[in-house]
Amino acid sequence: MSDKRDFYEVLGVERGASEEDIKKAYRKLALKYHPDRNPGDAAAETSFKEAAEAYDVLGDEQKRRQYDQFGHRAFDQGGGGGPRFHNMEDIFSAFGDILGGQMFGDLFGGRRRSSGPQRGRDLKIALDMTLEEIDSGVERTVVLKREEHCGGCNGSGAKPGTSRRSCETCGGRGQVSRSQGFFAMVTPCPTCQGVGTRIESPCGSCK
């Protein structure tokens with residue numbers, strides 16, 4: 001017999017709770033027991049993991065049906081695809097959207113900082129069209145301006161023969177943090193503008 005607490009009890013919701021109620025209950029507990037808000041508190045860390053495990057099951061329609069029918073036995077010994085968390089990063093990766101995505105990560109020390117190329121802003125173009133064109137449909141050719149790699153520096157921005165240097169202010173991370181009570185606010189580095197590197201000798205062609 002499993003010694004785990006009832007998942008509904010963990011989240012503090014009734015068995016007939018709606019999906020939205022379950023989500024709200026989990027978010028509240030995750031904020032309360034977040035490790036960055038309770039540094040060194042083993043009990044809070046355990047509660048944080050327990051809440052994530054409960055939401056992993058009750059927040060999934062199929063898993064919730066299995067749990068309602070068989071309880072914890074539905075996921076014992078690998079049955080039914082039960083809880084999948086091995087460490088804290090697994091939880092942040094799985095439920096970052098529930099907890100507020102990037103904003104949540106920034107609020108608690110930037111754990112969820114994304115890496116790699118970021119999606120640019122959508123383009124919005126105003127076109128004059130007649131009612132007849134809107135009704136029947138029409139094709140228009142739109143000319144756009146875009147930036148291309150500089151041939152002189154191959155897009156690095158640095159003078160040929162030189163290279164970018166790691167930013168001394170942020171240590172190449174592109175972010176700096178400052179503490180405010182319980183919270184560590186993370187912002188783009190003011191020196192390198194969040195890039196993580198600096199150009200000491202700019203390219204003469206693209207400056």
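A residue is called buried here when its relative accessible area is under 20%, exposed when that area is over 50%, and partly exposed in between, using a 1.4 Å probe and protein chains only. With that in mind, welcome to this predicted model, where local features need pLDDT of at least 70, side-chain atom pairs count only at pLDDT 80 or more, and totals for chains, interfaces and linings use all residues. Residues are numbered from 1 along each chain as its sequence is written, and side-chain values use heavy atoms, leaving out hydrogens and water.

Let us start with the aromatic rings. Rings of Phe, Tyr and Trp (its six-membered ring) pair if their centres lie within 6.5 Å; planes under 30 degrees apart count as stacked, over 60 as edge-to-face and the rest as tilted. The whole structure has three such aromatic pairs. In one of them, the ring centres of Phe7 and Tyr67 are 4.9 Å apart with planes at 25°, so this pair is stacked. Phe7 belongs to helix H1 and Tyr67 to helix H4 (residues 61–70), so the pair ties together parts that are 60 residues apart in sequence. Helices here are DSSP runs (H or I, at least four residues), as are strands (E, at least two), numbered from the N terminus. Both Phe7 and Tyr67 are buried. Another stacked pair joins Tyr26 and Tyr55, because their centres are 4.8 Å apart and their planes at 5°.

Next comes the nonpolar core, a set of buried Ala, Val, Leu, Ile, Met, Phe, Trp, Tyr and Cys residues joined through side-chain atoms within 4.5 Å. Among the 25 residues of the largest one, Leu11, Val13, Ile22, Tyr26, Leu58, Tyr67 and Ile91 touch the most other members. At least two residues each come from helix H1 (7–11), helix H2 (19–33), helix H3 (42–58) and helix H5 (88–95). H3 gives the largest share, seven residues.

Now for the cysteines. The structure holds zero disulfides, a disulfide being a pair of cysteine sulfur atoms within 2.5 Å. For Cys192, the closest cysteine sulfur is that of Cys189 at 3.7 Å, too far for a bond. Likewise, the sulfur of Cys203 is 3.9 Å from the closest one, in Cys150, too far for a bond. Cys192 is buried at 6% relative accessibility, and Cys203 is buried at 2%.

Finally, look at Gln193, in the loop between strand E3 (183–188) and strand E4 (197–198). Gln193 has a positive phi of about 60° although it is not a glycine. Gln193 is exposed, with a relative accessible area of 62%.
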